[in-house]
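This report looks at aromatic side chains and how they pair. Please have the sequence and the structure ready while reading.

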Amino acid sequence: MLKKYTFIFFISLTLPILTHGQGITRTPYSQFGFGDVELLANARMMGMGGTGVSMIQPWSLNLKNPAVAAYTRRNVIFEGGFYGQSITVKTTAASGNLVSGNIQYLALNVPIQKKFWGMVTGISPYSNANSRYRSTKPLDEGYVVRSTSTVEGGLNQIFMLHGIKLPKGFALGLGLSYVFGTIQRSTEFEITDLSYPTTKLEQKDIYRFLEFKPGFSYLTTLNGITNLSIGATATFNKDVTSNSQFTSSVNSNRFSQRPILYQNQITNVQDVNLPQQYAIGVSMDRNNKWNAGVDYTLMDYSKIKSYTREDPSYSLTTGHRFSLGGEYIPNINDTRYYFNRIVYRSGLYYNYSPLIINNTRITDMGLSFGLGLPLPRIQGGGGTFNLAFVVGRRGTTDNNLVQENYFRFFVGINIIDTW
């Protein structure tokens, strides 16, 4: 019975996401590339600094490594997550607060073959782009030209992860994602003298492409009670196409009867080179007691071509991400004291991002902690209500850049039943 209602619940939540698309992340750094690329990880992993490429747990999904689906092949698992964030944006001259949130992901684990084959399918945001900023430049005779730049949109993905268990602790996996969405960019130039017309440049990029992600996992027992696991994944860069629409227009001043004096529109198909990414993780755990791991990810954005208007002030290159985290359960079998069955998590991360602005590398670092709250068992099934909290900083105020101090929280639910 639980399996049927889990499936219906999953479908009912997925359809609104397909209709409404991305969230409302508004941050200056989301204007570059495809926007802020989302870290596909559940609230459990976010409580451990985003660590999890190698982590194996039969009652929790691992969206970072498709090979781990081979270890959840005996269970039906539904997971969903939401996140919110508060960001303080600072420059050398001013500061402001931004608040946003979004559905993080919805996923369903369905066993294909109980002995060796598991599958996870779901939907999540792939990237978010939402930024608005202004700049001014003085002209002769006391006039000032004001430019307003806006970036909106983002990409979603429908993903499917397959994991196959092999002999001697090995497992192989393959992830397939259909990525789709639109990113719109516009810049408007306005002179403070109201008699002058305004000029507006717009670009609309529509993306549709497939992304493949192979995965590897190895699990062994060291001393009969402690497990060692190793995991690795990769996504490879390739050329895909996007439909782009460029519009330039000259708008009249507010006193004119003609709102648009001139408009020109060009539509073409451009090549887009996707970034490639390699991740490896190592973890150790003692069943139902503790789990600890470390991840390293290499991100190559050097060949990305998602923004056709060249801007010499920034570039995309190769980045590196490091994370470390773990979780601890005092006594999972304690039926008397609930607090002994709670999962306690913590972690940290450092992201040496691929983005360079004004010859300055943009970094992102933070600390996290989380809780896994067991849910009551229903008809033999169960689950966990997961919470994660992250405090971090991205960017710097040096060289006329922007620093973001943020607080993020993640809420996730995990419902599990045997097949």
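Is Phe-216 buried, partly exposed or exposed, and what is its relative accessible area? In this predicted model, Phe-216 has a relative accessible area of 30%. A residue counts as buried under 20% and as exposed over 50%, so Phe-216 is partly exposed.

**Ring pairs**

A search of the whole structure gives eleven aromatic pairs. One of them joins Phe-170 to Phe-216, with the ring centres 6.1 Å apart and the planes at 45°, a tilted arrangement. Phe-170 belongs to strand E6 (residues 170-191) and Phe-216 to strand E7 (residues 198-221), so this pair ties together parts of the chain that lie 46 residues apart in sequence.

Phe-170 also pairs with Tyr-218, and this pair is tilted too, at 4.7 Å centre to centre and 40° between the planes. Here again distant parts of the chain are linked: Phe-170 is in strand E6 and Tyr-218 in strand E7, 48 residues apart. Through such ring pairs, Phe-170, Phe-216 and Tyr-218 form a cluster.

**Exposure of the cluster**

The table gives the relative accessible area of each of these residues.

| Residue | Relative accessible area | Class |
|---|---|---|
| Phe-170 | 32% | partly exposed |
| Phe-216 | 30% | partly exposed |
| Tyr-218 | 24% | partly exposed |

**A charge over a ring**

Another kind of contact involves Tyr-406 and Arg-408. The charged end of Arg-408 is placed over the Tyr-406 ring, 3.9 Å from the ring centre.

Key. Residues are numbered from 1 along each chain as its sequence is written. This is a predicted model: local features need pLDDT of at least 70, side-chain atom pairs count only at pLDDT 80 or more; totals for chains, interfaces and linings use all residues. Side-chain values use heavy atoms; hydrogens and water are left out. Rings of Phe, Tyr and Trp (its six-membered ring) pair if their centres lie within 6.5 Å; planes under 30 degrees apart count as stacked, over 60 as edge-to-face and the rest as tilted. Helices (H or I, at least four residues) and strands (E, at least two) are DSSP runs, numbered from the N terminus. Buried means under 20% relative accessible area, exposed over 50%, partly exposed in between (1.4 Å probe, protein chains only). A charge sits over a ring if NZ of Lys or CZ of Arg is within 6 Å of the ring centre and within 35 degrees of the ring normal.
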